[in-house]
Amino acid sequence: MADSPINITSAFKAVDIQSFRNTTRDITFDVYLKISDDNIAHVFSKSTGLDYKRLAQYIHKGVKELFIKTEDVPAYEEFVARTADLIFNDSKTTQEKKIATLLNMTEQNMAEIFVQHNISEETAENTKKVVTNYVNLMMESPKTVAIILKLVSHGEYLYYHSIAVAIFSMFIAKASGQFNQRTLEIVGMGGFIHDIGTTQISKEISCSPMELTPAQWKEMRNHPKLGLQMIENTPNIPDEVRYIVYQHHEEPSGHGYPNGLHGPVIYYPAKIVSLADAFSALISKRPFRPAYTIEQAIHILQSETGKYDRELVKILASIFSKSDIGSRAA
Ligand SMILES: [Fe+2]
């Protein structure tokens, strides 16, 4: 939350809040927010860095400007010139710094996705950029992505889960041998935003530490439709991603929702995200149960006949039988 207000003097300069959207978290100056004509509050400090969720909330509430101290203008200009994208794509950037920067970009992107009621074009564009960067890292070295999973697994569940689903979906898609770079990105993007609809459902239900009641389940089952509505008017989200968001709870047996579609009619990438979603949930620690091991999780998925595509479950099992990603990601 904002610190106690202090008086505005000519010592402050207004800067565009959007200029913080594509940066990393580490600021070398303090940032302030104008609360009224004579009051300004210290909101981000150089010791703790930017807080992406709060930044996204300010933008969402219509804040246009933030303030910095006049003497910090050169530091600010240097900061905004080095965008996260530039740092990530610079050939001189070390692998470590690349991972840190990509996590920064992801976190900022997730924060935006989760505070918006409709995904804006800029956010959709950023999501694409982030997913492309994951695909590129994955092509360079699959182990890098395992390190990322390990790093984010301590964060907020919904945030970790979205990244994990995106990454597992891309792994399964790649292992199936049927996907090129573009389709991998579509699967990744679908994985990232598959559950955005849950942001429109009360936290009591979507984050409930207990089993849901039948009435709560009924509401929860609206999230694919709500998610689809959130991206309906965002032109730069490919239609394939819309199918993934809408169909990620359909099951080959026809017992899924929202439409009870049967196996052959369910969009193939949606089946991939559905499996990655279940897998990520099983290997995560939840308030009501401990995390399952990779082996246990795969066994559970294999035994739930009709819920997931059988061939895809085989592919998932084969990924973990021949790599050490499992032990790292758990
Ligand atoms: Fe879902």
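A residue is buried if 20 or more other C-beta atoms lie within 10 Å of its own, exposed if 12 or fewer, and partly exposed in between, with C-beta atoms placed from the backbone. With 15 C-beta neighbours inside 10 Å, Q57 therefore counts as partly exposed. The structure is a predicted model, in which local features need pLDDT of at least 70 and side-chain atom pairs count only at pLDDT 80 or more, while totals for chains, interfaces and linings use all residues. Residues are numbered from 1 along each chain as its sequence is written.

**Overall form**

- The chain has 16 helices and five strands; helices (H or I, at least four residues) and strands (E, at least two) are DSSP runs, numbered from the N terminus.
- The radius of gyration of the chain, taken over C-alpha atoms, is 21 Å, close to the 20 Å from the globule rule for 330 residues, so the chain is as compact as a globular protein of that length. That rule is 2.2 Å times the number of residues to the power 0.38.
- Along the principal axes, the C-alpha atoms of the chain fill a box of roughly 70 × 50 × 40 Å.
- Of the 330 residues, 37% count as buried.
- Two residues are in contact if their C-beta atoms, placed from the backbone, lie within 7 Å. Among contacts between residues at least 6 apart in sequence, 67% join residues at least 24 apart.

**Domains**

- The domain assignment gives domain 1 (6-81) and domain 2 (85-329); such bounds come from an automatic or database domain assignment.
- The C-alpha centres of domain 1 and domain 2 are 32 Å apart. Eight residues from domain 1 and ten residues from domain 2 make the contact.
- On the side of domain 1 that touches domain 2, two residues are nonpolar, four polar and two charged. Here Ala, Val, Leu, Ile, Met, Phe, Trp, Tyr, Cys and Pro count as nonpolar, Asp, Glu, Lys and Arg as charged, and the others, Gly among them, as polar.

**Largest nonpolar core**

- A nonpolar core is a set of buried Ala, Val, Leu, Ile, Met, Phe, Trp, Tyr and Cys residues joined through C-beta atoms within 7 Å.
- The largest one holds 73 residues, of which Y134, I167, M170, I172 and L275 touch the most other members. Helix α7 (residues 157-176) supplies the largest share of this core, ten residues.
- Domain 1 and domain 2 both give residues to this core, so the core lies between them.
- Leaving aside neighbours within four places in sequence, Y134 is in contact with V145, A166, I167, M170 and G188.

**Helix α13**

- The 15 residues of helix α13 (residues 268-282) should span 21 Å at 1.5 Å a residue, and the end C-alpha atoms are 22 Å apart, which agrees. The expected span is 1.5 Å times one less than the number of residues in a helix.
- Helix α13 is mostly covered, with twelve of its 15 residues buried; among them are K271, L275 and D277.
- The buried residues of α13 pack against α7, α8 (181-193), α12 (239-247), α14 (294-303) and α15 (310-321).

**Two single residues**

- Q57 lies in helix α1 (residues 52-60). Q57 and V115 are 58 residues apart in sequence, but 6.4 Å apart in space, C-alpha to C-alpha.
- F67, in strand β5 (residues 65-69), is buried, with 21 other C-beta atoms within 10 Å.
- Not counting residues up to four places away in sequence, F67 touches F12, K13, A14, Y32, K34 and I40.
- F67 and L282 are 215 residues apart in sequence and 44 Å apart in space, C-alpha to C-alpha.
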